[in-house]
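Hi,

Here is the structure I promised to pass on to you. Have a look at it first, and then read my notes below.

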Amino acid sequence: MPPRSNPTIRQRRLGAALRQLREQAGMSASDAAALLGVDRTRISNTEAGRFGISASRVRTLACNYRCPDSCLVNALADMAQERTKGWWEEYRGSLPASFLDVAELEWHAVRLRNALTSHIPGLLQTEDHARALFDMVIPELPAEEVDLRVAHRTQRCQVLNRDDPPVYEAIIHESALRMQFGGRKVARAQLMHLLEIGERQGVTLKVIPFSAGGFPGAGQTILYACGPVGALDTLSLDTSHGSVFIDSAMQLANYRRLLDKMEGSALDECDSRKFIHAIAQRI
């Protein structure tokens, strides 16, 4: 089977975790290949996500690497044996790969921490709000592309509607709440949607008001996806050229601290709800 030309974020994350275990064991790719009786390039391609690996081989490598974390090994084995394609795959080749990677990241997370300054989080957007955003993209998108992006974003939101949704926590700046994308009617409906979804169990919405002044992380769009174990957490930073994914332990620790500090600048959940409602009433 030829190597994957475009491995998904989850495939790359599995490979990166295996590479980290190997490096922590002080072993080269050649050493690991010898233990499995394969060519060195097989290890390199597996660690890059270009080749798949069986759950049994993951356990063999983890044993050879002397990994003491059974929870991590079990999580990696589960990732390796996944064969069912997610709903986002129907958009492959039609939308940028980063769109699909974000959807995959969200779907497999056990907890999601979102922080935005100028936009409503994607998982909380109404269809009309999302369409208004995509209609403003420069260069202008064809109508068919806008329809695809809106449909994809709407399906992304279903992760919060399934039987076992991840815990979801969003920090939203006041500026994002006051942006009237699509006009007053769409903006008000969007705020009322936030109030409705904020009542769900496992969903926490907090607002940073203008009165809080400056705060760490201002201007960034952050999605922190917690894996089944901390070693498999992944960070997504939204940029004008697509999403950037980070899995470095040091960077993850820095962003956890950043999110904690942003949360410290926000109103509590009850006051945030009152704040959103007040803005909605004035639109």
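Let me begin with helix α1 (9–24), which contributes four residues to the lining of the second largest pocket, the most of any element. Please keep in mind that this is a predicted model.

That second largest pocket holds about 850 Å³ of space. Its lining counts 31 residues, and R4, T8, Q11, E82 and R83 are the ones nearest the centre. Besides α1, at least two lining residues each come from α3 (40–47), α5 (70–80) and α6. Sorted by class, this lining has ten nonpolar, eleven polar and ten charged residues.

Now to the largest pocket, with about 990 Å³ of space. Here 38 residues form the lining, and F99, F134, R153, D238 and T239 lie nearest the centre. Two or more residues each come from the helices α6 (97–108), α7 (127–134) and α8 (143–156), and also from the strands β1 (111–116), β4 (222–226), β5 (234–239) and β6 (242–246). The lining of the largest pocket divides into 16 nonpolar, 17 polar and five charged residues.

The partner of β3 is β2 (residues 167–173), and the two pair in the parallel sense over six bridges.

Enjoy looking around!

Best wishes

How values were computed:
Residues are numbered from 1 along each chain as its sequence is written. This is a predicted model: local features need pLDDT of at least 70, side-chain atom pairs count only at pLDDT 80 or more; totals for chains, interfaces and linings use all residues. Side-chain values use heavy atoms; hydrogens and water are left out. On a 1 Å grid over the protein atoms alone, a cavity is a set of points where a 1.4 Å probe fits but cannot get out, and a pocket is an open set with protein on both sides within 12 Å along at least five of seven lines; lining residues have an atom within 4 Å of a point. Grid points are joined across faces, edges and corners, and a volume is the space filled by probe spheres set on the points. Ala, Val, Leu, Ile, Met, Phe, Trp, Tyr, Cys and Pro count as nonpolar, Asp, Glu, Lys and Arg as charged, and the others, Gly among them, as polar. Two strands pair if DSSP finds at least two bridges between them.
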